[in-house]
Amino acid sequence: MARILLGVSGGIAAYKALELIRLATGAGHAVRVIQTPTSRRFVGAASFAALSGAPALSSEFSRDPMRGAFPDQPLPSHEPIGHLELVANADVLLIAPASANTIAKLAGGHAENLLTSAALAADCPLVIAPAMNNRMYEHAATQANIATLRERGATIVEPGSGRLASKGEHGVGRLAEPAELLAACERVLATSPGSAADANGAAAPGGNGAHAVKLLAGVRVLVTAGGTREPIDSVRYIGNSSSGRMGLALATVALERGAEVTLVAANVALPSAAGVRRVDVRTAAELQRACEQEFERCDVLLMAAAVADFAPAPAAGKIKKDGRDRLELVLEPTADVISGLAGHRHAGQTLVAFAAEHGADGLQSARGKLAAKGVDAVVLNDISRDGIGFDSTENEVTILTAASGVGTPAERHVARAAKEQIAAEILDAVEDLRALG
Ligand code: CTP
């Protein structure tokens, strides 16, 4: 159980903050809400108060009937300074949605409303979930502000891509889903010094006062993401439905833990976190070249990309129907990139492969890949199950490691969760492997 101080700024996505409160309180957390005055034009204080069980505040000059306490706390006998008492009691400050304006104010250190004043006074971890129009999000000013906040230790929950609020507009800028926001808070709390995770992995209260430990500080992490496309002719290709979300989540979480991250992205339409060095590729051969270039200087390789095992020799131009009643394609095997890299790995490198398998024999097959590919871990996901894995926001995996030291299980099952949460578990396993040497 933790105390989540939720800051809501102006934007259509403010309605998603209501669902977040429902999920958070359902999971046993206590929530208090601070709204910017503009956010009240989108969702009224009464809705937030009803769901959180405490008044939603928006002005420094209005009295907080709860005197800065969370719903699980007794009321203090004195009348404290509202926003200072609220942040002192909070284990995490989540700002969702964070508008371009609020992000700019936070980056500039402004304190001109209750939310920005509270953020400035907060020494608990800060989680920021931007939501805005894609052109506003991609503007250099917004990106620079986000990079500044990240450098100061804030955790950024990247917005998703898709249909935006303005009619006919598509792009990046949609607020992350409430389950992802809650997972991000729980992950941050679990890695914050002073907020020891309990036996179930949930964060314990009382963790205000410090940012997440940078466990991968200075570690160079190479991540591959997405799916390769092998051209058949000048316009067609053989591809797969990997969105790149798992690799992007790994890159983001590694960055949050202080790593220097390079992402080799195969046909990934989604944006990567500011601060990640990104190399875009299309085919298995391009991915192989990029990985070979980057591998020597990396400490950790996370091979999440779905790489084609076979590719056609592309025809010149566009293949015409030309009255034929069938078209046969001959596919030749591609190089197994991770096995090739494992063949010239150097001491101290940690290699993780991913295995997308169907059904009951998956575990056996993944165990085989651990040895055959010469890697330290294989992350198995069962693609026969609905709603997880390829092109979805959630996953459920089993992490198989070759290590057998005390306390390091050879197999760790990670229950269904947002891909950021799964990424955190995978990076925990990587840290265990690195500690074992
Ligand atoms: N991989 C790779 N190069 C390839 C194919 C796969 O580096 N040409 C990597 C993937 O990125 C993944 C791991 O190998 O990390 C497992 O991929 P998978 O396709 O499941 O395994 P395969 O060895 O191709 O076996 P199969 O498809 O027959 O199950």
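Here is a short tour of this predicted model, one selection at a time.

**Start with confidence**

Colour the protein chain by pLDDT. The average is 88, and 92% of the residues score at least 70. Now pick out residues 195-212, where the pLDDT is below 50. Even so, that stretch has 46 contacts in the model beyond near neighbours in sequence.

**Two helices side by side**

Next, select helix H1 (residues 14-26) together with helix H2 (residues 45-52). Their axes come within 9 Å and cross at roughly 10 degrees, which makes H1 roughly parallel to H2. To see what touches what, show the side chains: on H1 the contact uses Ala14, Ala17, Leu18, Ile21 and Thr25, while H2 brings Ser47, Phe48, Leu51 and Ser52. By type, the residues of this contact are six nonpolar, three polar and no charged.

**Over to Val31**

Click on Val31, which sits in strand S2 (residues 30-35). Is Val31 buried or exposed? Its relative accessible area is 2%, so Val31 is buried. Show what surrounds Val31: leaving out residues up to four places away in sequence, Val31 touches Ile4, Leu6, Ile21, Ala24, Thr25, Ser52, Phe70 and Pro71. Arg3 and Val31 are 28 residues apart along the chain, yet their C-alpha atoms are separated by 5.9 Å.

**The largest nonpolar core**

Move on to the largest nonpolar core, which has 39 residues. Which of them touch the most other members? Select Val221, Val223, Leu250, Val261, Leu263 and Leu302 to see them. Several elements each supply at least two residues of this core, among them strand S8 (220-226), helix H9 (245-256), strand S11 (260-266) and helix H13 (419-436).

Zoom in on Val221. Setting aside its neighbours within four places in sequence, Val221 is in contact with Ala254, Ala259, Glu260, Val261, Thr262, Val300 and Leu302. There is also a second, separate core of 31 residues, and its members include Ala2, Ala14, Val31 and Val43. That brings back Val31 from the previous stop.

**A cis bond and a buried threonine**

Go to strand S3 (residues 92-98), where you'll find Pro97. Look at the peptide bond from Ala96 to Pro97: it is cis, with omega near -5 degrees.

Then select Thr102 in helix H4 (residues 100-108). Thr102 counts as buried, at 3% relative accessibility. Not counting residues up to four places away in sequence, Thr102 touches Ser9, Thr36, Ile95 and Leu115.

Select Asn267, in the loop between S11 and strand S12 (277-281). What is the phi of Asn267? It is near 55 degrees, a positive value in a residue other than glycine. Asn267 is partly exposed, with a relative accessible area of 22%.

Last, jump to Asp322, in the loop between strand S14 (310-312) and strand S15 (331-333). Asp322 is not a glycine either, but has a positive phi of about 50 degrees. Is Asp322 buried or exposed? With a relative accessible area of 65%, Asp322 is exposed.

Note on methods. Residues are numbered from 1 along each chain as its sequence is written. This is a predicted model: local features need pLDDT of at least 70, side-chain atom pairs count only at pLDDT 80 or more; totals for chains, interfaces and linings use all residues. Side-chain values use heavy atoms; hydrogens and water are left out. Axes are lines fitted to C-alpha atoms, for helices over the stretch in contact, and angles run from 0 to 180 degrees between N-to-C directions. Helices (H or I, at least four residues) and strands (E, at least two) are DSSP runs, numbered from the N terminus. Angles under 35 degrees count as roughly parallel, over 145 as roughly antiparallel, 65 to 115 as roughly perpendicular and the rest as oblique. Contact means heavy atoms within 4.5 Å. Ala, Val, Leu, Ile, Met, Phe, Trp, Tyr, Cys and Pro count as nonpolar, Asp, Glu, Lys and Arg as charged, and the others, Gly among them, as polar. pLDDT is the predictor's confidence in each residue, from 0 to 100. A nonpolar core is a set of buried Ala, Val, Leu, Ile, Met, Phe, Trp, Tyr and Cys residues joined through side-chain atoms within 4.5 Å. Buried means under 20% relative accessible area, exposed over 50%, partly exposed in between (1.4 Å probe, protein chains only).
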